[in-house]
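User: I would like to learn how to read a protein model feature by feature. Could you take me through one, giving the general idea and then the case at hand?

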Amino acid sequence: MARAAAAVASACAVAALSVACSTTPTPTGPAPVTTTASAAPAASASVSASARPTARARPTASDRPTDAGTAFTVAGDNPVTPNGSQDTYAATPDATCDGGQLKTDRSLGAGIADGFSLEGFPAASDLLEHFLAGTGTEIDYGLGSTISGQAQASAGFQTVNDVVQGEIALQLKTGDTRVRLSAAQLPTVLFASTASDLYWGFRGTQGLTVSGGGRREDGRYTGTLTYVIRDSYGFPADDTLDGFGPPMRYLQTVCGAPRHPGGARWFPDTITVRVPFNPTA
């Protein structure tokens, strides 16, 4: 589940302080026939055997390319399924939104977002502010973004990438050129380092899509893989986050937008990462 924070003590303290092509032999053709000036060819003379073009030898099995240049594709999806992060007002239908509590919790959330920004966690700050705005629209961090680079370098993503690349290589070695990965073969990414913007903005993610392809050349598979790390940014009932979770869930459900003006709302978010694929064939 995407979570904006996991330890209120740290975040609130900040808020308080701030608030090769192979070479083919050139054909030689028939050897040239030479004549002397004094020896004009007789009309009945025929071309000697040595002057006739010789048949070109067929390449041996070792000369022929085996599977050089064979193309392959990769696709797979582990979709985000309904979960507590996506709860809305319907999760607390009998509760009444208290205006005073709404104001207090929104102030707390805004202070935490400011604290994230001061601590150098801009994505976490942006995500929490978007949650508080209550629009529910998706946020996508594409290739080239700072958070995409951080995700690619993270231990959590590298672990998942190793698993996925291993699954792809196994299928390719059996002769498959159109690799399909099931949801079970696509583990989700956990960003566990509390010193990272990824932790405060995403932490546990909930879905993963992979696509890509390449060719087999020179004893290796060479290509690229593109991952879309998928998440739901919201606050489930069982995640207290040391006290920070409940007030944000209150804004999401009891006072949830758009039912209540000023309420918050969960939203989908993604990070796209592209990596090379180059295992031995």
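**Reading the model**

Analyst: Beyond four places in sequence, Gly142 is in contact with Ser148 and Thr272. Gly142 sits in the loop between β2 and α4. The model is a predicted one.

User: How far apart are Gly142 and Thr272 in sequence and in space?

Analyst: They are 130 residues apart in sequence, while their C-alpha atoms are 5.1 Å apart.

User: Is Gly142 buried, exposed or partly exposed?

Analyst: Partly exposed: its relative accessible area is 32%, and that class covers values between the 20% limit for buried and the 50% limit for exposed.

User: Before going on, what confidence does the predictor give to the protein?

Analyst: The mean pLDDT is 83, and 75% of the residues reach 70 or more. Over residues 2-57 the pLDDT is below 50, although this stretch has 65 contacts in the model beyond near neighbours in sequence. Residues 59-66 also stay under 50, and there the model has 1 contact beyond four places in sequence.

User: How should I read a sheet, and in what order do the strands lie here?

Analyst: The general idea is that strands of a sheet pair through backbone hydrogen bonds, either parallel or antiparallel. Here 6 strands form an open sheet with mixed pairing, in the order β2-β6-β5-β4-β1-β3. At the edges are β2 (139-141) and β3 (178-181), each of which pairs on one side only. From one strand to the next the twist averages 10°.

User: Which strand pairs run parallel, and over how many bridges?

Analyst: Among them are β1 (residues 70-78) and β3, joined by 4 bridges.

User: In what sense do β5 and β6 run?

Analyst: They are antiparallel, with 11 bridges between them. Ser232, for instance, has Pro268 in β6 as its bridge partner.

User: Why is β6 described as largely enclosed by the rest of the structure?

Analyst: Because 8 of its 11 residues are buried.

User: Which helices pack on these strands?

Analyst: Among them is α3 (residues 122-133), which touches β2, β5 (220-233) and β6 (267-277), with its direction at about 165° to that of β2. Helix α4 (residues 146-153) lies across β2, β5 and β6 and runs at about 60° to β6.

User: What can be read from the span of α3, and what follows the helix?

Analyst: With 12 residues, α3 reaches 16 Å from its first C-alpha to its last, close to the 16 Å expected at 1.5 Å a residue. Just after α3, Gly134 has a positive phi of about 75°.

User: How do I read a nonpolar core, and which residues have the most contacts inside the largest one?

Analyst: In soluble globular proteins, nonpolar side chains tend to be buried together. The largest nonpolar core in this model has 53 residues, and Leu128, Phe131, Ile168, Ile229 and Ile271 have the most contacts inside it. Helix α3 gives the most to this core, with 6 residues. The buried residues of α3 include Leu127, Leu128, Phe131 and Leu132, as well as the polar Ser125 and His130.

User: What about Asn161: is it buried or exposed?

Analyst: Asn161, in helix α5 (residues 155-173), counts as buried because its relative accessibility is 11%, under the 20% limit. Leaving aside neighbours within four places in sequence, Asn161 is in contact with Tyr227 and Val275.

User: Finally, which backbone angles deserve a look?

Analyst: Most residues other than glycine have a negative phi, and most peptide bonds are trans. In this model, the bond from Ala257 to Pro258 is cis, with omega near 5°; Pro258 lies in the loop between α7 (245-252) and β6. Arg203 is not a glycine, yet has a positive phi of about 55°. Its place is the loop between α6 (197-201) and β4 (207-217). Asp218, in the loop between β4 and β5, has a positive phi near 50°.

User: Are Arg203 and Asp218 buried or exposed?

Analyst: Arg203 counts as buried, at 15% relative accessibility, whereas Asp218 is exposed, with a relative accessible area of 73%.

Notes
Residues are numbered from 1 along each chain as its sequence is written. This is a predicted model: local features need pLDDT of at least 70, side-chain atom pairs count only at pLDDT 80 or more; totals for chains, interfaces and linings use all residues. Side-chain values use heavy atoms; hydrogens and water are left out. Two strands pair if DSSP finds at least two bridges between them. Helices (H or I, at least four residues) and strands (E, at least two) are DSSP runs, numbered from the N terminus. Axes are lines fitted to C-alpha atoms, for helices over the stretch in contact, and angles run from 0 to 180 degrees between N-to-C directions. Contact means heavy atoms within 4.5 Å. A nonpolar core is a set of buried Ala, Val, Leu, Ile, Met, Phe, Trp, Tyr and Cys residues joined through side-chain atoms within 4.5 Å. Buried means under 20% relative accessible area, exposed over 50%, partly exposed in between (1.4 Å probe, protein chains only). The expected span of a helix is 1.5 Å times one less than its number of residues. pLDDT is the predictor's confidence in each residue, from 0 to 100.
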